Amino acid sequence: MHYMVPGAAGKLLSQMRRGAIEYCVLALLQTDDRYGFDLVRELARTDGLVTPEGTIYPLLSRLRSEGLVETSWQESQQGPPRRYYRITAEGRAALASFVEQWARFRDTVDHILATGGAA
Amino acid sequence: MNGTAADPVADYLVRLERALRRLPSPRREQLLAEVQEHIAESRAGLHDPTGADLAALLDQIGSPEDIAAEAIETEPPRLRRRMTSRARRRLLFLLPPAVIFVVALVVLALLAATYQPLAFTGGSGGGIPGVPGPVGLRMLDGSPLRIDGTTFTGLTGEYVPPRTGSFPVVTGVVNRGPEAITIEAVKMQGPGSTVRVAGAVRYWPMGPPGTAPVPMRHPITLAPNSAIWLALPLAYHGCFSSEGLEDVGPLLVEVRYLIFTHWVSVRGQPVWVAAYSGPPGMTCLPDQRIGRG
């Protein structure tokens with residue numbers, strides 16, 4: 001009999017996180033612009049999404065180079081100006097597509113896990 | 001706490017910059033700036049942080065190596081390929097042999113394309129075995145040659161006087177090279193204005209006398225050191241002047257070696273014919289005269 005070991009579970013979580021996190025970032029930017037630290041802390045509050053925190057910045061960099069987000073500097077009352085991220089129209093389209101596919105994927109997986117594939 | 005060598009944040013940023021060195025410069029600088037901003041924000045929430053506080057803060061951000069690995073992993077594929085140093089080293093390792101191979105291939109192709117082992121080995125003029133020889137053929141050894149009141153001196157080879165029928169120019173060729181070659185075609189560099197090619201090329205092995213010639217219908221493969229006779233029939237166009245002579249020129253043989261073909265000039269002894277000069281003084285052969293039915 002095969003048991004999933006903790007290392008394998010961690011790897012699985014890492015792979016799932018890698019596939020979903022950029023859309024979580026886009027989702028967090030849907031209503032408000034956010035600066036990097038704020039985004040990271042928001043994601044870190046959700047168990048397992050950002051570990052460690054610094055790895056979110058390469059992702060943000062890629063989203064920007066792909067035109068899914070854009071940045072601007074805004075003054076801060078707490079200290080130096082902050083770099084704010086804003087979702088673009090392309091980013092919203094990519095997020096909408098992901099939401100649709102994710103719902104279908106999630107429902108399929110949930111159904112199989114719950115019923116063992118029975119109709 | 002400031003950014004001295006003992007400052008864990010300064011050490012961390014140095015390590016991060018080193019770990020990101022494989023990234024394109026603009027992206028590396030941007031990532032460094034963003035992580036610095038993150039650290040500044042995190043520090044702002046700490047009141048007079050101790051070394052342990054800073055260590056915990058940096059631990060929460062993650063190791064520079066993890067961030068660099070993530071950055072490389074999320075690079076666009078084209079840039080990631082470019083950054084793969086192992087692939088680059090492999091390319092640098094393979095490049096010189098590849099260049100040498102290509103250069104060698106080009107040199108070999110050039111050598112093969114210009115391979116010219118074919119040489120003259122005797123003959124010119126004369127006749128074809130089993131076929132009556134040309135009438136009036138005169139061998140020239142430099143002695144004066146007098147034709148219709150005009151004297152030519154210093155000519156060697158042979159002179160073929162005007163005639164209505166064809167006459168063969170026979171040339172012996174030998175393969176002097178170590179590889180077999182194939183003869184694809186034969187022509188004369190001349191004939192100029194006076195004579196023309198009047199039939200198919202014939203060839204026969206240079207060996208026992210009386211060997212019957214065969215028309216050159218198929219490419220002839222010539223083994224190393226083997227020789228053959230090549231006979232090209234020529235004929236006067238019809239009009240000429242005996243006041244001048246012209247050499248029909250060398251035999252041109254199209255040789256193929258491997259996949260390469262080129263023309264080789266084989267120079268035998270000169271074959272002289274009456275030259276065309278146009279009126280006045282032009283003579284036309286009876287069966288070639290203009291207006292004759």
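## A walk from ring to ring and core to core

Start by selecting Tyr23(A), Phe98(A), Trp102(A) and Phe105(A): ring pairs link these residues into a cluster. Keep in mind as you look around that this is a predicted model. A search of the whole structure finds six aromatic pairs over all chains. Now zoom in on Trp102(A) and Phe105(A), whose ring centres are 5.8 Å apart with planes at 40 degrees, so this pair is tilted. Both residues sit in helix H4 of chain A, and because they are three residues apart there, about one helical turn separates them. Colour Trp102(A) by accessibility and you will find it partly exposed, at 36%.

For another ring, jump to chain B and select Trp263(B) with Lys187(B). Here Lys187(B) lies over the face of Trp263(B), 4.4 Å from the ring centre.

Next, the core. Which residues touch the most other members of the largest nonpolar core? Select Val25(A), Ile56(A), Tyr12(B), Leu20(B), Ile39(B) and Ile61(B); the core they belong to has 39 residues. Helices H1, H2 and H3 and strand E3 of chain A each give two or more residues to this core, as do helices H1, H2, H3 and H4 of chain B. In soluble globular proteins, nonpolar side chains tend to be buried together.

Stay with Leu20(B) for a moment. Beyond its neighbours within four places in sequence, Leu20(B) contacts Arg28(B), Leu31(B), Leu32(B), Ala68(B) and Ala71(B). A second, separate core holds 38 residues, among them Val169(B), Leu251(B), Val271(B) and Ala274(B).

The last stops are charged pairs. How many salt bridges are there over all chains? The count comes to 15. Select Glu34(B) and Arg83(A), a salt bridge whose closest N and O atoms are 3.7 Å apart. Glu34(B) is in helix H2 of chain B and Arg83(A) in strand E3 of chain A, so this pair joins two chains. Are these two residues buried or exposed? Both Glu34(B) and Arg83(A) are buried.

Now pick Glu65(B) and Arg15(B), where the closest N and O atoms of the salt bridge are 3.0 Å apart. This pair links distant parts of the chain, with Glu65(B) in helix H4 and Arg15(B) in helix H1 of chain B, 50 residues apart. Glu65(B) is partly exposed at 40%, and Arg15(B) is partly exposed at 37%.

Finish with Glu22(A), Arg62(A) and Glu66(A), joined into one network by salt bridges that share partners. Arg62(A) is buried at 14% relative accessibility, whereas Glu66(A) is partly exposed at 41%.

Notes: Residues are numbered from 1 along each chain as its sequence is written. Chains are lettered from A and ligands numbered from 1 in the order in which they are written. This is a predicted model: local features need pLDDT of at least 70, side-chain atom pairs count only at pLDDT 80 or more; totals for chains, interfaces and linings use all residues. Side-chain values use heavy atoms; hydrogens and water are left out. A nonpolar core is a set of buried Ala, Val, Leu, Ile, Met, Phe, Trp, Tyr and Cys residues joined through side-chain atoms within 4.5 Å. Buried means under 20% relative accessible area, exposed over 50%, partly exposed in between (1.4 Å probe, protein chains only). Helices (H or I, at least four residues) and strands (E, at least two) are DSSP runs, numbered from the N terminus. Contact means heavy atoms within 4.5 Å. Rings of Phe, Tyr and Trp (its six-membered ring) pair if their centres lie within 6.5 Å; planes under 30 degrees apart count as stacked, over 60 as edge-to-face and the rest as tilted. A charge sits over a ring if NZ of Lys or CZ of Arg is within 6 Å of the ring centre and within 35 degrees of the ring normal. A salt bridge is a side-chain nitrogen of Lys or Arg within 4 Å of a carboxyl oxygen of Asp or Glu.
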